[in-house]
Amino acid sequence: MHLAVSEDRFRVVFLQGHPEYDTISLLKEYKRDVLLYIDGGLDDYPPVPDHYFPRKERAILDEHRDRVLHAMARGAPIPEFPEAFVRARLDNTWHDSAEAIVGNWMGAIYQVTNPSRRLPFMDHVDPNDPLGLLSRAGIR
């Protein structure tokens, strides 16, 4: 996962990846894309996501792809997507990091936000440097 923030390190946060995904979200997206390919909605069979499936599950999905392509070429019935076989061993390695990012960000928001909904910041907060990071770094 990659993270980038605005200059004040507070107002805008960009995440590359999906830390909010649960364990099977990417599997569901991959299955959706495979079914879309089968229905003619994609020109190419979708690639298996890197660094997500264990070796055995990756092999199951590679075999499924070969069986789908073979069935499509022959006009035979399409094999069912092997979701149950793959889902059982998925490991959500990003959950703790995602909770930390969101929790820290929400904590920072709480520390500077005025209790009145009409005011964005508490009285002591510089709107141009809400967390005081720029002034501590000698930038302002």
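**Exercise 1. Determine how the axes of helix α1 and helix α2 are placed relative to each other.**

Step 1. Helix α1 covers residues 25-38 and helix α2 covers residues 55-74; helices here are DSSP runs of H or I with at least four residues, numbered from the N terminus. The model is predicted, so local features need pLDDT of at least 70 and side-chain atom pairs count only at pLDDT 80 or more, while totals for chains, interfaces and linings use all residues. Residues are numbered from 1 along each chain as its sequence is written, and side-chain values use heavy atoms, leaving out hydrogens and water.

Step 2. The two axes come within 11 Å and cross at roughly 15°. Axes are lines fitted to C-alpha atoms over the stretch in contact, with angles from 0 to 180 degrees between N-to-C directions.

Step 3. Angles under 35 degrees count as roughly parallel, and α1 and α2 are therefore roughly parallel to each other.

Step 4. The crossing of α1 and α2 is right-handed, that is, the near helix is turned clockwise from the far one by less than a right angle.

**Exercise 2. Which residues of α1 and α2 meet, and how do they divide by type?**

Step 1. From α1 come Y30, V34, Y37 and I38; from α2 come L61, H64, V68, L69 and M72. Contact means heavy atoms within 4.5 Å.

Step 2. The residues of this contact are eight nonpolar, one polar and no charged. Nonpolar covers Ala, Val, Leu, Ile, Met, Phe, Trp, Tyr, Cys and Pro; charged covers Asp, Glu, Lys and Arg; the others, Gly among them, are polar.

**Exercise 3. Describe the salt bridges of D62 with R58 and with R65.**

Step 1. A salt bridge is a side-chain nitrogen of Lys or Arg within 4 Å of a carboxyl oxygen of Asp or Glu. The structure holds eight of them.

Step 2. Between D62 and R58, the closest N and O atoms are 3.4 Å apart. These residues are four apart in helix α2, which means a separation of about one helical turn.

Step 3. D62 also forms a salt bridge with R65, at 3.4 Å from N to O. D62 and R65 lie three residues apart in helix α2, again about one turn.

Step 4. R58 is partly exposed, with a relative accessible area of 31%; R65 is partly exposed too, at 27%. Buried means under 20%, exposed over 50% and partly exposed in between, with a 1.4 Å probe and protein chains only.

Technical notes
Helices (H or I, at least four residues) and strands (E, at least two) are DSSP runs, numbered from the N terminus. Angles under 35 degrees count as roughly parallel, over 145 as roughly antiparallel, 65 to 115 as roughly perpendicular and the rest as oblique.
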